[in-house]
Amino acid sequence: MKSHRIRHQFLLEPELSEKLETLSRNPSTSKSAIVARAVEAFIERRGENELDQRYGKRLDRLSRDLGHVRRDVEMLLESLALFIRFSITLHAHTPVPDRATQAIAQERFDKFVEQVGRQIASGKGALGNKNDGGGEG
């Protein structure tokens, strides 16, 4: 019984034709089989490109958003680490917070915010890690 195959005719450049001839010298394969596999591989690669075109922008956007989330979490961790350090090293215990204590607290808070900004801008983290500004996720 004959298989259901369709005959095609096409032209090849001489160099490509010679390569096909060389490949088909192996008794376990034929020119038709080689061309069929090449066409199938081409079509499959094209399908992958279509997937990249369809979902590539979305994946890029998600990667960028994930980088922003990572950066924000690092900023939060940096802020928390610096807050704890300032709290432990600069905390002046007074039983009743008066205006002078509140003024000191505000000044310390302002310094804390400045320090967080400097740490983030420098890329050197208080936790001993290097901040990369969100980078590739």
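The model is predicted, so local features need pLDDT of at least 70 and side-chain atom pairs count only at pLDDT 80 or more, while totals for chains, interfaces and linings use all residues. Residues are numbered from 1 along each chain as its sequence is written, and side-chain values use heavy atoms, with hydrogens and water left out.

**Overall fold**

The protein chain has 3 helices and 0 strands. Along the sequence the pattern reads α-α-α. Helices (H or I, at least four residues) and strands (E, at least two) are DSSP runs, numbered from the N terminus.

The chain holds 137 residues, and 14% of them are buried. Buried means under 20% relative accessible area, exposed means over 50%, and partly exposed lies in between (1.4 Å probe, protein chains only). The accessible surface is about 12,000 Å². Carbon and sulfur atoms hold 58% of that surface. These areas come from the Shrake-Rupley method with a 1.4 Å probe; for residues, only the protein chains shown count as cover.

A contact means heavy atoms within 4.5 Å. Take the contacts with a separation of 6 or more: residues 24 or more positions apart account for 59% of them.

**A cluster of rings**

Rings of Phe, Tyr and Trp (its six-membered ring) pair if their centres lie within 6.5 Å; planes under 30 degrees apart count as stacked, over 60 as edge-to-face and the rest as tilted. By this rule there are 2 aromatic pairs.

| Pair | Type | Centre to centre | Between the planes |
|---|---|---|---|
| Phe 83 and Phe 112 | edge-to-face | 5.8 Å | 75° |
| Phe 109 and Phe 112 | tilted | 6.2 Å | 40° |

The pair of Phe 83 and Phe 112 links distant parts of the chain. Phe 83 sits in helix H2, Phe 112 in helix H3 (residues 99–122), and they are 29 residues apart. Phe 109 and Phe 112 both lie in helix H3. They are 3 residues apart, about one turn of the helix. Ring pairs join Phe 83, Phe 109 and Phe 112 into a cluster.

Is Phe 112 buried or exposed? Its relative accessibility is 11%, so Phe 112 counts as buried. Phe 83 has 45%, so it counts as partly exposed. Phe 109 has 44% and also counts as partly exposed.

**Leu 23**

Leu 23 belongs to helix H1. Its relative accessibility is 52%, so Leu 23 counts as exposed. Leaving out residues up to four places away in sequence, Leu 23 touches Thr 29 and Ile 34. Leu 23 and Ile 34 are 11 residues apart in sequence, and their C-alpha atoms are 7.9 Å apart in space.

**The largest pocket**

On a 1 Å grid over the protein atoms alone, a pocket is an open set of points where a 1.4 Å probe fits, with protein on both sides within 12 Å along at least five of seven lines; lining residues have an atom within 4 Å of a point. The largest pocket has a volume of about 650 Å³. Grid points are joined across faces, edges and corners, and a volume is the space filled by probe spheres set on the points.

Which residues lie nearest the centre of the largest pocket? They are Ile 6, Arg 7, His 8, Phe 10 and Ser 32, out of 18 lining residues. Helix H1 (14–23) and helix H2 (31–90) each give two or more residues to this lining. H2 gives the most, with 6 residues.
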